Each structure stands twice: as structure tokens, then as C-alpha cells.
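Work through the exercises below with the sequence and the model open, and try each task before reading its solution.

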Amino acid sequence: MASLAAAASDMVTMASSPDVQNGESSTSPAGRRKRRADPLRPKNLQACDRCRIKKVKCEPPEGTAPGAGPGGRSCAACETTQRACTFDLPLTVSRSKRVRRGLGATPAPAPALDEAAEDGPPYAYAYDALDAPSPVSSPRRPERALPPLDALRAPARMSVRREGPTSLSYILHSTPTLPLPFVADWAAATGKTVHVTPAESGDGYVLCAGDGAPPAPRPPFLDVVQSDSWGEVVSRLAETFLVHVGPLVPVVARDDMAAATPGLLHTMAAVAAARTNCPQQIFETLQHLLRKEILDHDTLSDPTRHNIQILLVSCLVDELAIQPGVAQPAHVARTRLSAAIRMAQDLGMDTGNGADWRIWQCAMVIDQWNAARHGVRPIAILPPPTYTPDDTFFAHLVQLTSVLARVLVTVYGPEGIKHATNDGLHAIRDALAEWNARLPAALAWNGLWSSLQSGILHLLYTTTLLLLYRPFMRWSFMVPPALELNMGIPEWTELLACSRGCIEWAANQEELADLLFVGPYALGICGLIQYHTWARRREADGVVLLEKARRDVVERWTARLPDSHHPLQRAQLDVVKLLHAATQRARPEGGAFAAGDRGLNPTPGSLNRLPETTIAGVAFIRDPSHPRGGVLVATQQAAREIKDLPPGTVVLGGAPDDDAEPPQQVTPATQGYIDALIDSAAVTARPAMSAPEWEAYVSAYMLNADSGPSAFPSGL
């Protein structure tokens with residue numbers, strides 16, 4: 001019936017044509033002679049989709065001026081059948097050249113700044129100027145036609161990418177006390193597989209195929225773009241960007257708006273549209289316009305300042321890198337960032353000053369934190385921090401990023417810590433402590449009621465601190481004995497307090513977008529710290545904070561978004577849910593690990609210990625009188641493998657074997673510690689001091705269901 005209706009509609013169109021009414025068909029010899037005899041007959045520059053499919057002339061109605069493709073008037077055929085002209089099909093080579101050279105209706109020029117409306121932003125512009133070529137970009141002229149849309153939306157394969165030691169997926173796979181089968185289920189659901197190279201070394205990477213298969217971008221709502229209010233929508237979103245994002249990562253400042261191009265306004269509006277108070281349709285339409293602008297104006301290869309700003313701003317929201325095809329969004333974003341950095345170097349922005357230097361620093365901040373999130377190498381090398389009297393948020397963010405860059409190169413480089421030195425590691429540790437001490441009062445951490453800027457700095461400081469110390473958690477990893485840096489109880493206590501404050505502060509934030517592109521990653525790191533606190537120390541506070549992070553942070557934010565909106569940010573926040581679920585899972589019969597299984601090494605040069613040692617070999621006992629707040633008690637079997645620990649790190653819970661000397665790093669436990677262990681385990685029977693009974697007692701304490709909300713041991 002639908003085909004019959006369409007055929008009838010076409011017949012009505014032909015019957016209503018002036019040539020048919022006069023007895024002359026448009027394809028008859030008389031009709032063709034009439035067209036050639038009227039050289040001034042108006043015609044549209046670009047045919048609509050229906051006329052192209054029917055292969056008929058796309059002419060304007062009688063007595064009207066021709067349109068110019070999208071945004072122009074309807075053709076005579078579509079107006080007769082009461083249909084709207086659409087222009088979604090790709091252009092051929094000849095047509096695209098004519099349209100891009102402007103051989104049609106002249107676009108309306110953008111109004112001057114002093115002519116803008118008084119009640120709106122000063123950079124409002126007319127919609128017709130959106131399709132005009134940028135004055136700073138040379139339009140690209142393709143040599144062949146674009147493939148059909150079906151070929152773009154149904155790729156034959158999906159590209160893969162690697163994630164290294166600092167990514168959340170790698171950290172989960174290198175957590176010695178997190179059950180490998182539990183992580184394997186999550187990895188299978190998100191398309192992640194572990195590769196160890198060389199075999200049996202423990203070093204490797206996580207291969208990601210599709211980030212959980214994010215959906216391809218849906219067709220844009222072009223009707224929204226053609227509305228009269230579209231220009232005002234884009235202008236107000238650009239103003240939102242300047243108010244909420246510009247002070248944090250000032251890729252575009254208010255002084256730059258006088259020369260802003262339509263493409264730059266689109267990109268700024270797209271980042272602002274990622275907030276929860278903006279409809280998803282607006283975000284997806286701006287996402288489509290951004291892809292079109294980058295493709296049509298050679299943004300990736302034309303070294304101009306505006307193109308660099310467009311590429312950098314597009315990296316502030318992960319979902320802006322989703323596009324049809326086989327490339328993963330992380331690859332698309334990294335390609336844009338790499339092009340922006342190389343073009344900035346070509347223009348000398350890395351050695352400039354003023355606005356150029358500000359844009360270059362923004363590129364470095366985005367590059368280093370993206371490298372940490374995905375576990376890849378930074379694109380550019382950031383020099384050591386130089387302290388200036390500037391006390392702005394961005395100045396301190398750049399200084400913290402410089403410390404992070406040193407961590408990535410020294411600890412997580414291709415060789416890991418194999419060639420690290422004590423002087424280099426201690427210098428990074430001291431630089432991080434100095435940065436924290438130099439924070440002004442307006443940006444210093446003030447607990448739960450800290451400002452947005454101080455909260456973001458504290459969140460990133462906690463992340464950098466964990467990345468520095470994680471390979472040196474010597475009761476979980478074996479480190480070269482020549483290196484002195486150690487994650488001891490004082491360092492862990494500081495990390496624990498920092499992560500707790502970050503989670504409670506984030507629970508009071510109303511907007512996920514305020515935490516920038518690195519927010520979900522940093523919250524996952526904080527959740528990992530609390531997870532390890534419960535797993536290693538059996539403290540219920542870790543589970544309580546994980547539940548708070550899941551309920552008051554992750555679920556509260558995502559509940560305000562449509563199910564298909566922001567899939568990449570949802571995937572990063574799901575790590576918090578995974579860690580909380582691990583604390584609620586009962587321990588299976590027969591143990592969680594097979595004997596001898598090891599996870600990935602945290603970085604080359606640091607070896608993952610045996611899981612049976614990290615699970616049941618070391619217990620933490622609180623002791624308020626102790627200067628470190630408690631002690632680590634090791635079994636006899638664990639003591640044999642942790643001989644590389646610094647002296648005084650753990651105490652031995654029992655007499656050593658008669659024919660073996662106790663390790664000098666491990667001291668016998670006193671009776672007071674044994675009493676504390678008994679009290680914390682809620683056991684009335686006092687164990688004997690023999691090694692076998694103590695071994696069984698400490699192991700039972702670590703796996704005791706009554707010592708925590710779950711009997712499933714896990715942690716870092």
C-alpha cells in the first residue's frame with residue numbers, strides 16, 4: 001500500500017506540473033526545446049534527495065527565487081506533494097565543489113558585535129552563516145565521492161586499542177587480591193582482553209575492542225538547525241562554555257570571541273551541551289555539525305589558531321569523538337589532539353607568550369591526563385614545573401600536570417622502574433609535596449565544603465599520589481631492592497583520607513561535567529583506594545564509602561541522563577559499581593584463585609606477588625598507640641616471600657622454624673598485638689604461639705565472614 005501511495009503521489013506531481021498541463025512533458029522534444037529557449041529559467045543549486053532519487057529536475061516553485069540546498073526553499077515537486085525537502089544524501093564530486101565554492105545563494109553575514117541583541121550574548125550570529133566556509137580555513141575538495149551512509153554505519157570490523165599500566169582496566173587486572181574470574185567477567189562484558197608479552201613475564205597490556213561497543217551516532221535533528229532560534233541556542237551554549245569550562249581549561253577565553261569562527265562556536269556549544277540540563281538532541285546535532293566542520297574545512301591539517309582551538313575543545317568531552325566507521329572514540333580523540341599539538345608547534349605556540357602560550361599549556365594538560373587515563377605515552381614532553389606568582393587555578397593545574405608528566409615518564413615508561421633511581425623518585429615525591437604546600441588559601445583543600453576548583457585540584461592530587469606510590473606497595477608487589485621509595489602505612493593513611501574527602505565532596509556536586517574529562521577516571525582511582533582499605537584492613541568504612549560513591553555519585557548523576565547518552569563516561573563510572581559489587585560477593589568454595597596465578601605487573605620492573613600470599617598472608621591490626629596507627633602481621637609462609645620489605649614494615653605472628661633464621665625485615669609479634677588480633681576477630685579461644693596454629697589463625701582472620709560485610713577477600 002505504501003508503494004501505491006508513493007506512485008500516486010508521483011502521478012499527482014507530474015499532473016500538476018505546468019509542462020504536463022500544457023500538453024508538453026518535461027522529457028518530450030517540445031519540453032526540452034522550451035527549456036533551452038529560456039536561459040534565465042531559475043533552478044536550484046543542489047537537488048533535494050527525492051528529486052535525485054527520481055532523477056527529475058529540482059526546480060523552485062513558479063515566481064520564487066532558487067534555494068541553495070539545505071536551508072533554502074522547497075522545490076516545486078516537494079511543495080506539490082506537501083513534503084519537506086531533505087539533503088541528507090552525500091554529494092558527488094562536481095556538486096560538492098560547486099556548493100563549497102559558493103555558487104548559490106549568498107549566506108547571510110554574521111552581525112557585528114555591537115549589533116547583537118542586548119538580552120543575549122554579544123556573539124550571536126545568523127544560521128545561514130553556519131554553512132559558509134571559515135575565513136581561516138581552506139575548504140577541502142575531495143577527489144572521489146563519499147561512500148553511502150549504510151557503509152559508514154555498518155563497519156565490517158572494529159578497531160582495537162591498547163591500554164597501559166595507568167588505565168583503570170589495567171589497574172584492575174594487576175590488583176593481586178581482586179579475584180581474576182570476577183575481573184574476567186567484567187572484561188568480557190566490556191570487550192577487554194589481557195595480553196602478556198613476553199610470556200610468563202607479567203608485563204603486557206589490555207586490548208580493548210569497542211569500549212563496550214558504544215552506539216554509532218544517530219542521525220542529527222536537522223530540523224532543529226533550520227529553526228529560527230538555532231543561532232540563539234548556539235550563542236547561549238557558547239556563553240555557558242565561557243562561564244563553566246573556560247576558567248578551568250581556558251582553551252578559548254572571552255577575548256577570543258571577537259574572531260571566533262562558526263566551527264569554534266559549534267565546538268564550544270557541543271561541550272556545554274554535554275551538561276545534564278541540555279536535551280540530548282541538541283548535543284547530537286552539535287556533534288554532527290562538529291564532525292562536518294572538521295571534515296569540510298581540513299581542520300586536522302590546516303595549521304591555524306582557530307583549528308587548534310577547535311581540536312583541543314573537542315577533546316574535553318569523550319562522546320564528541322564518537323563517529324561512524326571503525327575507529328574507536330579514543331583513537332579519534334588522540335588523532336585530533338596529536339594534530340593540534342603538532343600544528344601548535346609549527347606555529348611556535350610552544351615558545352610563545354600571551355594567548356598562544358595559554359593554548360599550548362591547555363594542550364599539555366589535556367595530553368598528559370589523557371595519557372594517564374588510557375595508559376599510553378604522552379604525545380609531547382612537558383618540561384619541569386616553574387613556579388610563578390600566578391595563583392590562578394589553571395597555573396596550579398599546569399604545575400600539577402608537570403609532576404604527573406614526570407611520574408608517567410619515570411615510573412610508567414616503556415622500561416617502567418627498571419632504570420629508575422632513588423634521587424629521581426625522591427625528587428618527584430618532594431615536588432608533589434611542595435606543590436600541595438604552595439596552594440593558596442582559596443585553592444587549598446577545605447574538606448567537604450571546598451569550592452569546585454579546590455575540589456578538582458585535590459581530586460587530581462590524590463590520583464597523582466596513588467600513581468606515584470602504587471608500584472611500591474611492597475606487600476603486594478616485589479620491587480628492586482635498590483629502590484627506597486615505599487608505600488608505607490603513613491603514605492597510605494594520607495591517601496585514604498584524601499580519597500574519602502574526594503568521594504564525599506563529589507557526592508555534593510550537581511553536575512558531572514564540572515569535573516572535566518578526567519573526573520570519572522579520578523573517581524575510579526578513589527574508589528580503588530577505598531576498596532583496598534576494606535580488602536587489606538577489613539575496615540567497613542571502605543565499603544560504606546564505595547556504596548556512597550555508587551549511590552550518591554554515579555547513580556545520581558547517570559539517573560538524570562537518557563540511557564543512550566554519554567556511554568563512554570558511563571563505562572568509566574561503572575568501575576565504582578564493579579568495586580562495590582566485589583565487596584558484596586560471597587567467597588566461592590575452594591578459594592578465589594588457582595595456586596600460582598599472578599595478575600599483570602603494575603609496571604615493568606615491579607613483580608606481582610602470589611595471590612595466596614597477598615590474600616591470607618598479611619593482616620593489618622589497628623593500634624592507636626602505634627605511631628603508624630597499626631601494624632601488618634604476616635604468617636610464616638608470607639614472611640618467606642616478603643623478605644624484600646623494608647625493616648619494621650610487618651611483624652611475624654609466631655616463632656620461626658627451628659632451623660631457619662627469621663628475616664631481618666620481620667620481627668616477632670608481641671603479646672599485645674596477639675590480644676588485639678583476637679579482639680578484632682571476635683574469637684574467644686586464645687591460639688598457641690606455634691607457627692602452624694598461628695598460620696591457620698591469621699588465615700582464618702583474613703577470611704572470617706564476621707570481620708566485615710562480606711567474606712570475599714579482595715583489594716589492591
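**Exercise 1.** Is Cys48 buried or exposed?

*Solution.* The model is a predicted one, in which local features need pLDDT of at least 70, side-chain atom pairs count only at pLDDT 80 or more, and totals for chains, interfaces and linings use all residues. Residues are numbered from 1 along each chain as its sequence is written, and side-chain values use heavy atoms, with hydrogens and water left out. Buried means under 20% relative accessible area, exposed over 50%, and partly exposed in between, with a 1.4 Å probe and protein chains only. Cys48 has a relative accessible area of 1%, so Cys48 is buried.

**Exercise 2.** Determine how many disulfides the model contains.

*Solution.* Begin with the rule, which asks for a pair of cysteine sulfur atoms within 2.5 Å. By this rule the count is zero disulfides. Cys48 is in no disulfide, and its nearest cysteine sulfur, that of Cys51, lies 3.5 Å away. For Cys78, which is also buried at 2% relative accessibility, the closest cysteine sulfur is in Cys75, and the 3.5 Å to it is too far for a bond.

**Exercise 3.** Locate Lys57, and state its exposure.

*Solution.* Helices are DSSP runs (H or I, at least four residues) numbered from the N terminus. Lys57 sits in the loop between helix H4 (49–54) and helix H5 (76–80). Its relative accessible area of 62% makes Lys57 exposed. Lys57 and Cys75 are 18 residues apart along the chain, and their C-alpha atoms are separated by 9.3 Å.

Notes. Helix = DSSP H or I, 4+ residues; strand = E, 2+ residues; numbered from the N terminus.
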